[in-house]
Number of protein chains: 4
Amino acid sequence: MKGVVSQEEGREEGGSVTLDDLKKKMAEFARERDWDQFHSPRNLLLALVGEVGELSEIFQWRGEVPKGLPDWKEEEKEHLGEELSDVLLYLVRLADICGVDLGKAALRKVELNALKYPVHQCKGSSKKHTHYSNSNSNTNSNDNTCFLAEHSNNGPSEGL
Amino acid sequence: MKGVVSQEEGREEGGSVTLDDLKKKMAEFARERDWDQFHSPRNLLLALVGEVGELSEIFQWRGEVPKGLPDWKEEEKEHLGEELSDVLLYLVRLADICGVDLGKAALRKVELNALKYPVHQCKGSSKKHTHYSNSNSNTNSNDNTCFLAEHSNNGPSEGL
Amino acid sequence: MKGVVSQEEGREEGGSVTLDDLKKKMAEFARERDWDQFHSPRNLLLALVGEVGELSEIFQWRGEVPKGLPDWKEEEKEHLGEELSDVLLYLVRLADICGVDLGKAALRKVELNALKYPVHQCKGSSKKHTHYSNSNSNTNSNDNTCFLAEHSNNGPSEGL
Amino acid sequence: MKGVVSQEEGREEGGSVTLDDLKKKMAEFARERDWDQFHSPRNLLLALVGEVGELSEIFQWRGEVPKGLPDWKEEEKEHLGEELSDVLLYLVRLADICGVDLGKAALRKVELNALKYPVHQCKGSSKKHTHYSNSNSNTNSNDNTCFLAEHSNNGPSEGL
């Protein structure tokens, strides 16, 4: 089926999975079980929050964790992959139920972030990242364009 | 560049955006700004939680919201798309930094969920969805295979 | 012990429990188990997020829920009480570990909110509560003082 | 009024603030503004999630943070106190609207946790805290009673 990666292929190359593939799989999954009735926007949002909680539990007692999780067991990484996936799947489903084209919105957001955080002004700006307040940047944005934002002045919180 | 959808194309067909596209864009975005130094697993996780909070704020005072958000203004839907995207982008970045193939993990999780929630047993099961406790299903799983789970007995919280 | 409500008393009158009582109980609990070593600010914050996830799971598939939870079973309400408590206990512990006087801060915040949301201007303002964006209130705050804020312009998200 | 600490007093001794004091202040605050109409359980829960997001933003780019926040500016600690308070105030309000006696529930939960994590078995157990999975403890609980739980087998996530 167009736009759907076969799972064997997916197994080899997860990176080629499209948001559309996941959206379709989720819609089919719900339809088969007659669960559309439960998939309202706020139900899905709360389910997403629940999964973010499970993701956090994986990291909660570990202190700082190095990139690549060098000392994690295979089963631990697998569990992490499952929780990351649960968050992704509910996010994709929520966007679908809300009528939002998530892939389109994500590409657009990357562009907005590029405008919001100009390379020459934000390069290596730890000031941006360690600034204490993500919310009172009315003042900060004056002296640090890294805080500039359109739909939010929570610049740092959207800093990618 | 291979595996990267041009943005014009993306504008037309967001669904064709792959997780790999987003992963590469995020990595490039961070590298250009020398922000890799800030993108540790737990920093990114907390940033993700921050974005989930902003997503929740959009829905917090609305009461139940119908599918498709029929009565939302265009600017409201746009803002929703941005917050959904922020969550997605941090999720993709977190998976990348942790060395998890998110697309592969997501396809595998969909398969696990299909095994966990057999169509013939879970079809339209509101019992599953309204069961009060997502955690004490040791007992529940006995009388309701919809609660069966492998890495979690929080069946409902993973019910898709 | 001064400032500690006996549990029998607590059983009768939970409302008389002070934040100090809970802080002391948490500190004692950790000390007895030699868990202070794990109670760093970010570990506790992630544990808090995990508990908020469990709290959300209780409400996730229910759709809108009436005040007082009239149709909930006793065991469901008890489970809710446990999850609300887990969030509270980690919050109290996090504040303690960060050296924040939570009770003092909470009383001060109530005062700040009273200044931020003047009764005569905010009374019954559904506009405030349904306003689509909690973040771009630079413009909104101009025509709606209900959005006015000090440390945050996410007025609605702090609207109590 | 009995059970209500005057704010001057509160200023001196935040620890003596009771959950009942905060519950009453929140109820009065909402009533004065005619906001009870917006304070449904799920609205308040989503508002709580929003505040947890703001709390996370404060810690998101800092890496590990030492206890007591020795190197934080006064304004940073003040901002932290406000966000911790926002979470607390919505939590207290949510419990009130749900008809849960939060103080009573919290004291009971502390007792349950003491039973769940016996001092002699859990003392200094980093195994408990670093165990990778908070969910598949059916097996784990067999070889580590620290995982034992009643309403949840997410032992670690409730480990205090």
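Predicted model: local features only at pLDDT ≥ 70, side-chain atom pairs only at ≥ 80, totals over all residues.

Me: Where do Tyr90(A) and Trp61(C) lie?

Reply: Tyr90(A) lies in helix H4 (residues 74–98) of chain A, and Trp61(C) lies in the loop between helix H3 (41–59) and helix H4 (74–98) of chain C, so the pair joins two chains.

Me: And what about the rings of Tyr117(A) and Trp35(B)?

Reply: Their centres are 5.4 Å apart and their planes are at 70°, so that pair is edge-to-face. Tyr117(A) lies in the loop between helix H5 (102–116) and helix H6 (119–122) of chain A, while Trp35(B) lies in the loop between helix H2 (19–33) and helix H3 (41–59) of chain B, so this pair joins two chains.

Me: Why does Tyr117(A) count as buried?

Reply: Because its relative accessibility is 0%. Trp35(B) counts as buried too, at 0% relative accessibility.

Me: How many aromatic pairs are there over all chains?

Reply: The count comes to 16. There's also a cluster in which ring pairs link Phe29(A), Trp35(A) and Tyr117(B).

Me: Switching topic. What's the secondary structure of chain A?

Reply: Nine helices and zero strands. Along the sequence, the pattern reads α-α-α-α-α-α-α-α-α.

Me: How much of chain A is buried?

Reply: Of the 160 residues in chain A, 65% are buried. The chain exposes about 5,400 Å², and carbon and sulfur atoms supply 50% of that.

Me: And what share of the contacts in chain A comes from residues 24 or more positions apart?

Reply: Taking contacts with a separation of 6 or more, 51% are between residues 24 or more positions apart.

Me: Now helix packing. At what angle do H2 and H4 of chain D pack?

Reply: Helix H2 (residues 19–33) and helix H4 (residues 74–98) of chain D pack at about 85°, with their axes 9 Å apart. That makes H2(D) roughly perpendicular to H4(D).

Me: Which residues make that contact?

Reply: From H2(D) you have Leu19(D), Leu22(D), Lys23(D), Met26(D), Ala27(D) and Ala30(D), and from H4(D) there are Leu88(D), Leu89(D), Val92(D), Arg93(D) and Asp96(D). Sorted by class, this contact of H2(D) with H4(D) has eight nonpolar, no polar and three charged residues.

Me: How do H5(A) and H4 of chain B cross?

Reply: The axes of H5(A) and helix H4 (residues 74–98) of chain B come within 8 Å and cross at roughly 85°. H5(A) and H4(B) are therefore roughly perpendicular to each other.

Me: Which residues in H5(A) and H4(B) meet?

Reply: Residues in H5(A), including Leu102(A), Ala105(A), Arg108(A) and Lys109(A), meet residues in H4(B), among them Glu78(B), Gly81(B), Glu82(B) and Leu84(B). By class, the contact of H5(A) with H4(B) has eight nonpolar, three polar and five charged residues.

Me: Last one: what does Ala114(D) touch?

Reply: Not counting residues up to four places away in sequence, Ala114(D) touches Phe29(C) and Arg33(C). Ala114(D) is in helix H5 (residues 102–116) of chain D and is partly exposed, with a relative accessible area of 33%.

Note on methods:
Residues numbered from 1 in each chain as written. Chains lettered and ligands numbered in written order. Heavy atoms only, no water. Axes fitted to C-alpha atoms, helices over the stretch in contact; angles between N-to-C directions. Helix = DSSP H or I, 4+ residues; strand = E, 2+ residues; numbered from the N terminus. Parallel < 35°, antiparallel > 145°, perpendicular 65-115°, else oblique. Contact = heavy atoms within 4.5 Å. Nonpolar A, V, L, I, M, F, W, Y, C, P; charged D, E, K, R; others polar. Buried < 20%, exposed > 50% of the residue type's maximum accessible area, 1.4 Å probe, protein only. Areas by Shrake-Rupley, 256 points an atom, 1.4 Å probe, with all protein chains shown as cover. Phe/Tyr/Trp six-rings, centres within 6.5 Å; stacked < 30°, edge-to-face > 60°.
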